[in-house]
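Hi there,

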Amino acid sequence: MKRILAIRSQETEYAEELSKSFNRKSDGIFHSLVFSDEQAYLDYSKNNRIDMLLCDESLMNDGRLPYHAENICILTELGVAFEHEKYPGIFKYQSAENIMNEILRQYYKRQEITRVRPEATGCSIFSVVSPSGGCHSSSFALALAMYHSLGEKTLFVSFDPFFLLPEEEKSGNDMNISDVIYYLEQGQINVMSHVKKLTHKRGNLECISGASCWFDIYEMKSAHMDQLLTELMKVQCYETVVFDVGIIGAAAMDVFLASDIVYVPKGRDASASGKLDEMKRQISFLGQAQVLDKMKEIVIPHDELLADGYSYDTLLKGRVGKFIEEMEGMQYIR
């Protein structure tokens with residue numbers, strides 16, 4: 001789905017030609033719309049998201065700049081750098097290609113987000129995600145959490161509604177990540193005390209199972225995930241947190257940004273490389289190239305002990321356990 005680029009200019013002919021040039025590129029990320037009338041723009045922006053507004057400097061100078069946009073760039077007629085306390089300027093009379101390149105540069109710059117960790121935190125965060133099915137990423141994520149729990153207080157959080165913990169049988173009354181999401185949506189505080197009530201415990205490992213319905217994962221807001229992560233990093237309940245990102249919703253990017261390492265199990269089929277490349281492209285498309293630096297691609301070994309189901313006791317006794325021990329470099333398995 002393309003993002004909406006709105007053009008507000010008093011020069012209607014110029015704006016329409018610029019818009020046509022933008023839209024002729026089928027591989028562009030924006031679909032451009034022209035609004036010569038201010039009220040038409042305001043009416044549209046009330047019911048539609050505008051990802052980028054490109055607006056004449058003159059409209060800003062006379063106080064009529066519409067602010068209903070995620071990002072704003074100013075079209076200036078001066079051939080010098082335009083200075084404004086909030087919005088970057090783009091020289092109006094240059095090629096459409098140059099203007100679009102500058103729009104993209106500013107857009108990606110604004111999209112780039114870095115999560116700043118509280119100084120006192122001693123919590124390591126790992127996430128596991130794979131664009132390929134059938135590579136046992138959820139089993140690996142749980143095994144990774146189980147491994148760390150042998151020496152550290154560890155929390156496993158499942159964002160895969162179809163993954164079951166050992167010996168788990170879901171019902172509509174189970175308490176799981178859906179309950180955390182609902183709690184956050186209600187604006188409640190003391191999040192970690194609520195989380196503690198939902199966990200399945202096994203020694204030093206605490207687990208929050210997957211959602212009651214996959215739709216809850218897609219609907220979870222980024223702000224709510226940000227609140228949960230902030231609590232996890234400030235309240236020192238755990239030394240390690242492992243997220244199994246089985247479904248990528250709007251909040252998943254916050255998990256990746258907070259992670260020390262994003263483990264990416266690779267599929268073995270012929271299409272696996274293409275899927276992984278596409279995943280990387282989409283992360284870059286969202287302006288989050290820093291996530292690519294956190295990604296660690298792995299190939300999970302086949303483990304006969306886990307092939308027909310497993311328990312907490314057998315998770316680490318086969319090839320997967322040895323693989324994790326070698327990868328993490330800690331002697332937790334005795």
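This is a predicted model: local features need pLDDT of at least 70, side-chain atom pairs count only at pLDDT 80 or more; totals for chains, interfaces and linings use all residues.

One part to look at is an open sheet of five strands, paired in parallel and ordered 2-1-3-4-5. Strand 2 (30-34) and strand 5 (89-91) form its edges, each pairing on one side only. On average, neighbouring strands in this sheet are turned by 25° against each other, direction ignored.

Strand 1 (residues 3-8) runs parallel to strand 2, and five bridges join the two. Helix 1 (residues 12-23) touches strand 1, strand 2, strand 3 (52-56) and strand 4 (72-76), and its direction makes about 165° with that of strand 2. Helix 2 (residues 38-47) touches strand 1, strand 2 and strand 3, with its direction at about 160° to that of strand 1.

Now for the cores. The largest nonpolar core has 43 residues, and Ile177, Leu232, Val241 and Phe243 have the most contacts inside it. Among the elements that each supply at least two residues are strand 7 (154-158), helix 9 (222-234) and strand 10 (240-244). Helix 10 gives the largest share, six residues. Leaving aside residues up to four places away in sequence, Leu232 touches Cys123, Leu155, Met192, Tyr238, Val241 and Phe243. There is also a second, separate core of 27 residues, including Val128, Leu142, Ala143 and Leu144.

Note on methods
Residues are numbered from 1 along each chain as its sequence is written. Side-chain values use heavy atoms; hydrogens and water are left out. Two strands pair if DSSP finds at least two bridges between them. Helices (H or I, at least four residues) and strands (E, at least two) are DSSP runs, numbered from the N terminus. Axes are lines fitted to C-alpha atoms, for helices over the stretch in contact, and angles run from 0 to 180 degrees between N-to-C directions. Contact means heavy atoms within 4.5 Å. A nonpolar core is a set of buried Ala, Val, Leu, Ile, Met, Phe, Trp, Tyr and Cys residues joined through side-chain atoms within 4.5 Å. Buried means under 20% relative accessible area, exposed over 50%, partly exposed in between (1.4 Å probe, protein chains only).
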